[in-house]
Structure formats: C-alpha cells, structure tokens
Amino acid sequence: MKFSEYWLCKWFKIKNVDSNFLLENFSSAGLEIVNVEKVSNYFSKIIIGKIIKCFKHPSIKDIFITKVEVGLSNLLSILCSSINCRVNLKVAVAMVGSMLPNGKKIKNVKFDNQISEGLLCSFFMLGMSLYDSKNIIELPEDAPIGCDVYYYLKLNDNIINVNISSNRSDCFSIFGIARDLSIVSGLKLKQPKIRKVFPVVNDSILVSIEVPKYCPCYIGRIIKNINVNVVTPLWIKEKLRRSGFYSVDIITDISYYIFLEFGYPIFILDYQKIEQCVTVRLSKLHEIFFLSKFNKINLFPGTLVISDKKKILSIAGITYSDLLKVNTETKDIFLECSYFNSELIYNASNKYNIHTEFSKQYERGIDPYFSSYVIERITFLLISICGGKPGPIIEKIFKNFFPNSNKIILRKYKINQLVGKFISNNKIENILFRIGCKTTNIKIGWKVFVPVWRFDLLIEEDLIEEILRIYGYSNIPDISICPSVDPPVAQQDVSLHRTKILLSDRGYNEIITYSFVNPKIQELIHPGNEVLHISNPISKDMSVMRISLLTGLVNSVLYNQNRQQNRIRFFESGFCFIPDKNSYLGIRQDFMLSGIVSGSRFNEHWGIEYKETDFYDVKGDLESIFNLHYILQDVVFKKLVHKYHYIFHPNESSEIYFNDIFIGVIGVIHPILKKKLDFNNNIIIFELFYEKILKYNIPIFNEFTKFPVNKRDISLIVKNEVNAGDIISVCKKILFNNFVDIDVFDVYKDEHIKHGYKSLSIRIFFNSHSKTFKEKEISYMIELCLMELKNKFDIFLRYKN
C-alpha cells in the first residue's frame with residue numbers, strides 16, 4: 001500500500017511529526033516498509049503565476065503567446081503549446097534561470113522573432129508521471145501568485161510503500177495505519193468527526209434485505225441534481241497520485257479517496273438506472289448478470305447479489321454492472337455503503353475470478369459500525385465539491401448478525417511464560433486499552449473483549465504477541481541461553497550453515513521460496529501425490545503446501561531463464577509438508593536440502609572451452625557434502641527405481657543410500673518433463689533428506705604411511721544392470737584395510753562385447769601401514785576380489801594390469 005506521509009500526519013494532533021521518528025515506528029508496529037521515495041526531485045525558482053493575456057501566435061500553428069503575472073513589476077512573455085492554456089489560469093512558471101527536476105536550466109528562447117521568457121510547466125516536467133504530459137498545470141484560483149510551487153504543492157513529501165499482512169485488515173487505510181502508529185508511538189490520534197449532512201429532498205428508495213446474516217448492514221443515499229462534470233480538485237488528485245491511482249473523474253476519485261482514507265468500499269451508481277427498489281438476496285438457478293452490454297455472467301445459485309425490480313445490479317461487494325456507472329449525463333446518484341459476509345465475498349470472488357480492490361477489502365473484513373460515518377463523510381465531500389441535493393439516509397441494519405466482539409481469557413502466567421520477562425499489570429491493561437480492548441479482571445488474569453475491527457486477534461497467543469509488539473521487542477533483554485550439559489563429542493551435528501558455505505564455495509546461490517506453491521507445477525513434478533490445500537490462499541498460484549523443494553527451485557529457474565540468465569546454480573533448505581496418517585496431526589514434516597543446476601560448467605571466459613554441466617558435476621558436489629559429514633565411504637549411488645522415476649532421465653539418475661537407508665535422489669530432469677516446463681537447457685536436480693545425514697562420527701586420524709602405494713587396473717565384462725557401486729562395495733569388503741581408494745575410470749560398449757553386457761574398468765590403490773606389498777600379495781588379493789565378483793555378479797575378466 002502506498003500513501004503520502006503528509007496525508008498520514010494529518011491524522012495526528014501534533015503539527016510537525018519528525019519523518020525519521022515516524023518511519024522508525026513503522027518497524028516497531030510490525031508494518032514492513034518496502035521503500036520510501038520522494039514525491040518529486042527538487043527544483044528551484046518555479047513559482048505560481050497567472051495568465052493575463054493569451055492569444056495565438058500569428059505565424060506558428062498551435063503556439064500561444066501569453067502574458068503572465070508572477071509578482072514582478074512587469075509581465076513575462078511566454079510561449080506555450082498546451083491546449084488548456086487560457087486567460088486567468090493559475091499556472092506553474094519556470095522563469096529564466098530556474099532548474100527543472102531533470103537538471104535542465106531554463107533560458108530565453110527565440111521563436112520566429114518572439115522571445116519566450118520562461119516556461120509554463122506540466123506535471124510531467126516536474127517529474128510526476130501519472131498526469132497528462134501535454135497539458136500545463138492548472139492550479140486552484142486561490143493559489144498565491146509568486147509562491148514557490150515546490151512548497152505550495154508540498155512536493156517535499158515522501159511516498160511510503162508498506163507491505164501489510166492480509167490478516168491486518170484494520171491497517172489497509174490511512175486512518176487505520178495512523179491508529180496503529182499512535183498505539184505504538186504514543187502520538188495522539190485525531191478521531192474522525194461526523195459532519196452530518198441533513199436531507200434537502202425527500203427522495204428515497206425501497207431497500208429490502210432477504211438474507212440479513214450475509215448483509216446485516218446496508219446504507220444508501222440519493223443525491224439529486226449533482227454536477228458530475230466538475231474537475232477533481234488538485235488536493236484530491238495529488239493524494240490519489242501519491243497512492244498510485246490515476247484521476248478518472250470526480251465521482252470515481254472521491255470514492256477511491258474515501259476508500260484509501262478509511263478502507264471502506266463505496267459504490268456510486270446512476271440512480272435513474274435503478275428500477276423502483278433495491279433488494280439484497282441470493283441468486284437463483286439460471287440467473288444472468290450483465291457485467292457490461294456485451295459481457296454476461298451465468299450465476300451459480302446462492303451467490304449474494306443486489307437487484308432491482310427487473311435485473312441484477314451487482315454481485316454484492318465485488319462489482320456492479322457497467323450499465324449503472326455514472327457518466328457525463330448523470331444528474332442523480334445513489335450511494336451504497338454496506339457490510340457483507342467476508343467468507344461469502346471471498347467464495348464468490350474466486351468462483352467468478354473477479355478480484356477488485358473493494359472485494360479484497362471485504363474479504364479481509366471491515367468494521368460494520370463505521371458505515372454511518374463513511375456515508376456522511378462522502379456525502380459531505382460530494383456536496384461541497386459537486387453540489388446537489390441530498391436525500392435522507394436509507395438504513396437497513398440487523399445488529400444481531402454483526403460480527404461479535406471476540407472474548408479471550410488472558411492469563412498472567414501465560415504472558416510471563418511466552419514473553420520471558422515480567423510486565424506489570426498496569427502496563428498490560430494500558431496496552432490493551434490503547435488497542436481498543438475492554439477488560440474485566442478475573443482471578444488468573446483478564447477477560448478481554450477485542451474491538452470488532454481487529455479480526456486478527458483470535459486467541460490468547462495473539463493478544464500476547466500484540467502486547468509484546470506494543471511493549472517493544474527492544475525492551476526484552478537479550479540473554480543467551482547457557483546449556484548446562486556439553487554435547488557429546490562423538491556425536492555432533494554438522495552445521496547446516498557449514499553445508500551452505502560449502503555449496504556457496506562451489507558456485508551455488510541460496511534461495512528462499514514460499515512453503516505454499518503452485519499446484520499445477522507441483523502436480524507436473526509429483527503427479528498423483530496427496531497434498532495439503534490451503535483454506536485461505538494468497539492466490540491460486542500459492543494454494544497448496546509443498547511436498548518437495550523442487551517446485552520452488554523449478555519456479556526460480558523459469559523466472560531467471562525468462563530474464564536471459566542461462567547459468568544457474570540454486571540450492572534451498574527447508575521443511576516440506578507431506579500428508580501422513582501415522583504422523584502428528586496427519587502431517588509429516590521433512591527437512592530437505594535440494595539443488596538445481598543448469599547451463600555451462602564454468603562462467604564464460606575466452607580461455608575456457610564451453611561445456612554444459614552434467615550429472616557427474618553435480619554428483620561431485622553431493623560427494624563433497626557427504627565428505628563434510630564424514631559419511632562418503634558409506635554412501636552408495638544406485639540405479640533409480642524409486643517414486644522419483646517420472647522426474648528424472650532413466651539413464652542419468654541415481655537413488656542415494658547411506659548405510660542402506662534411502663536419503664535422496666540426483667539426476668537430469670526427464671525430457672518429457674523438461675518440455676512441459678519449457679526449459680531451454682538440461683536441468684540437473686538433487687534432493688536430500690538432510691536430517692538422515694546430520695549425525696556423524698568424529699573420524700580417527702592415523703599417521704601417514706611411509707610405504708609406497710601400488711595401483712592395479714582391472715577391466716571386467718559385466719551385465720548392464722550391474723552397478724559399479726556394487727562391484728566397488730564387494731572389493732572394499734574383501735580388501736578391508738589394504739587399500740587407499742577404488743575408482744571407476746572407464747565404462748564402454750562396442751560390437752566386440754556381448755549383447756546385454758558392458759566393459760567396466762576399475763583402479764585399485766593398494767597400501768599398508770606396516771609393509772610394502774609384494775606382487776604375489778597384490779595378485780592374491782585381486783584373485784579374491786575376482787572370485788567373489790564372479791560368484792555374485794557372473795563377471796568375466798577382460799584385462800588386468
């Protein structure tokens with residue numbers, strides 16, 4: 001949400017609020033500031049002037065010669081090409097020597113023997129892009145001539161952009177943010193004052209509510225003979241612009257102004273297009289709502305709608321038909337200010353895929369008791385700017401269906417337990433009073449009545465969190481927890497932080513993604529898997545909990561790929577949420593470490609030949625992690641037969657086992673899945689159950705042997721299905737402590753090798769701490785290995801060296 005700092009400060013009783021103090025309290029209030037930007041870059045010597053004369057240039061088409069009064073003894077002669085240039089218009093004049101926001105200095109300019117002694121500025125020239133770039137600024141008639149435009153328009157203002165959590169519906173308005181800041185900072189808040197607008201005419205309309213439980217409050221008002229063609233005052237335009245809204249017309253602008261100020265949706269309709277009555281009801285079978293003349297919606301039964309005698313006017317709280325909108329010929333308008341059931345609005349908005357600023361606010365929740373003030377406030381603004389004759393307020397209120405004030409038992413011992421610091425009863429009661437809560441003392445603490453506008457305070461922990469927020473996190477002492485028992489030396493957790501450093505050293509970048517993901521992409525990667533659906537998702541693309549980190553990684557690669565980033569190395573760690581009836585609450589939480597790699601093996605360099613990253617590059621990265629955990633010698637990569645087979649290429653993938661326990665997978669993404677996800681390059685993925693490899697034994701260090709290492713190469717003919725890892729495991733068991741390492745250095749097939757077989761070559765490094773091996777001893781150990789391999793895998797010796 002964006003808004004003007006000046007507008008916000010108008011709601012505090014103190015005249016000049018320090019900007020830095022205000023911004024600091026945003027953080028204390030838990031309102032995340034996305035950015036703060038200046039309304040306009042500074043400019044100088046641009047002052048308010050008045051056009052005294054305006055006539056067309058005798059020889060240059062579309063150019064006007066103006067005589068402008070700026071408070072000097074003489075009038076300035078300025079050329080202008082704007083079509084809205086006219087006599088008696090108050091304008092922004094950049095005199096000779098003045099500086100524009102872009103750094104350009106104004107000089108005398110000569111056109112066809114006519115000197116222009118300055119420039120009549122548009123908002124665009126002053127760095128305000130939401131305005132028409134062609135028209136010059138039209139200032140109010142009471143703008144003082146000679147006054148500096150920069151300060152007159154309060155362009156030394158800041159635009160504050162904050163990120164507000166969706167459960168804090170009370171903060172989605174200027175007044176709501178000011179109210180919250182006043183609680184935290186101690187600044188005194190100006191309470192809204194109701195300026196009652198008394199009816200001048202008796203025009204009314206019959207309003208009936210058939211379903212009061214879904215619409216317990218409906219307030220309307222007719223205003224006759226209103227001038228809808230009035231130009232929106234500059235002060236409203238500027239507040240809208242600084243909030244990121246274009247000025248449309250006076251009616252729309254005032255509606256959005258009230259919405260930004262109080263977070264209360266107001267619908268304004270052409271009264272003459274409403275037939276006889278207004279009824280709030282549920283839609284029936286086969287009813288049609290005309291969104292516009294050529295756009296209709298077939299309504300589902302049970303949708304909350306507003307209708308007149310002949311037609312459906314709107315889907316309640318979401319959108320009205322364009323056929324009812326105010327136009328330049330409208331004379332009479334109808335104001336609607338209502339409270340609707342938020343759950344019903346949310347369901348309808350998703351069902352029809354219509355999301356508006358108003359519907360989102362209804363979904364978050366609004367204060368039903370505030371509607372009477374809002375209808376009076378907008379009436380006052382409309383009448384004072386557009387004229388017109390207001391009718392009486394039409395009210396249909398069913399308070400028994402209003403949301404009840406939430407009652408919470410707040411226990412003193414629970415506060416001390418969760419906060420970890422004693423807070424006095426007086427301070428707690430004062431904080432609750434400032435929030436707007438009413439309290440009753442009971443033996444164990446308080447019975448708290450939460451104000452109706454605080455939809456986020458539902459349970460005791462919510463209240464304690466609120467008390468802590470206002471008390472100030474900085475007031476809680478930072479005391480480290482001292483463990484009383486040292487952890488055992490033989491069993492320790494290798495820090496996840498150290499693992500992350502290792503991956504970073506190997507060229508990876510850590511990313512953090514949401515735990516709720518796009519169901520379509522997750523279904524592509526994990527088809528048919530049961531997932532947890534979120535009951536109130538942020539969006540459809542974030543509506544299920546992740547069962548793997550791969551969905552977030554894939555999304556991140558696609559995002560970067562679409563921005564011409566071809567060399568990608570990402571990793572992420574975090575919990576995944578798997579439905580499991582045998583786990584607590586039916587959900588198993590697995591802590592995973594996953595990575596994804598795409599593109600070239602090295603950064604582009606003139607001296608390095610381009611090579612694409614392959615399976616073995618990423619396998620080497622994983623082996624580094626296992627080596628860090630001192631488990632590499634017990635890790636085995638096996639052919640993929642697990643549930644991940646539809647993700648990975650059948651010939652370039654492996655399951656990973658540690659002491660015969662499945663701990664993860666690695667592989668090149670399957671070509672079919674690659675095509676569905678629209679990847680450009682090969683993608684290699686790994687995923688580990690990190691908790692399964694966390695424990696390790698401190699290794700025993702031996703002194704270096706002084707005896708030489710002997711190596712022998714053995715080439716074997718084995719069946720295709722035999723894994724190299726299984727052959728190495730057999731050799732390691734037989735050789736026991738008589739070897740340093742065993743490597744595979746060659747695998748190939750050709751026409752000389754029997755069908756269904758492959759050649760596999762291994763290199764064994766023999767070594768002892770007590771002696772130098774003789775050739776007979778080495779040959780004997782090799783023969784033992786060959787005999788065991790022959791019995792177990794039916795191998796044939798092709799070559800031995």
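A cavity is found on a 1 Å grid over the protein atoms alone, as a set of points where a 1.4 Å probe fits but cannot get out, and its lining residues have an atom within 4 Å of a point. This is a predicted model, in which local features need pLDDT of at least 70 and side-chain atom pairs count only at pLDDT 80 or more, while totals for chains, interfaces and linings use all residues. Residues are numbered from 1 along each chain as its sequence is written, and side-chain values use heavy atoms, with hydrogens and water left out.

**Confidence**
- The mean pLDDT (the predictor's confidence in each residue, from 0 to 100) of the chain is 87, and 96% of its residues reach 70 or more.
- Over residues 483–493 pLDDT stays under 50.
- Where pLDDT is low, the predicted coordinates should not be read in detail.

**Largest cavity**
- There are 2 cavities of 30 Å³ or more, and the largest has a volume, taken as the space filled by probe spheres set on the points, of about 50 Å³.
- Its lining includes Val557, Gln561, Phe679 and Ile683, and the lining residues divide into 4 nonpolar, 6 polar and no charged.

**Second largest cavity**
- The second largest cavity holds about 40 Å³ of space, and among the residues that line it are Asp170, Ile435, Trp453 and Arg454.
- Helix 4 (residues 174–185), a DSSP run of H or I with at least four residues, gives the most to this lining, with 4 residues.

How values were computed: Contact = heavy atoms within 4.5 Å. 1 Å grid on protein atoms, 1.4 Å probe; cavity = no way out; pocket = protein on both sides within 12 Å on 5 of 7 lines; lining within 4 Å. Nonpolar A, V, L, I, M, F, W, Y, C, P; charged D, E, K, R; others polar. Helix = DSSP H or I, 4+ residues; strand = E, 2+ residues; numbered from the N terminus.
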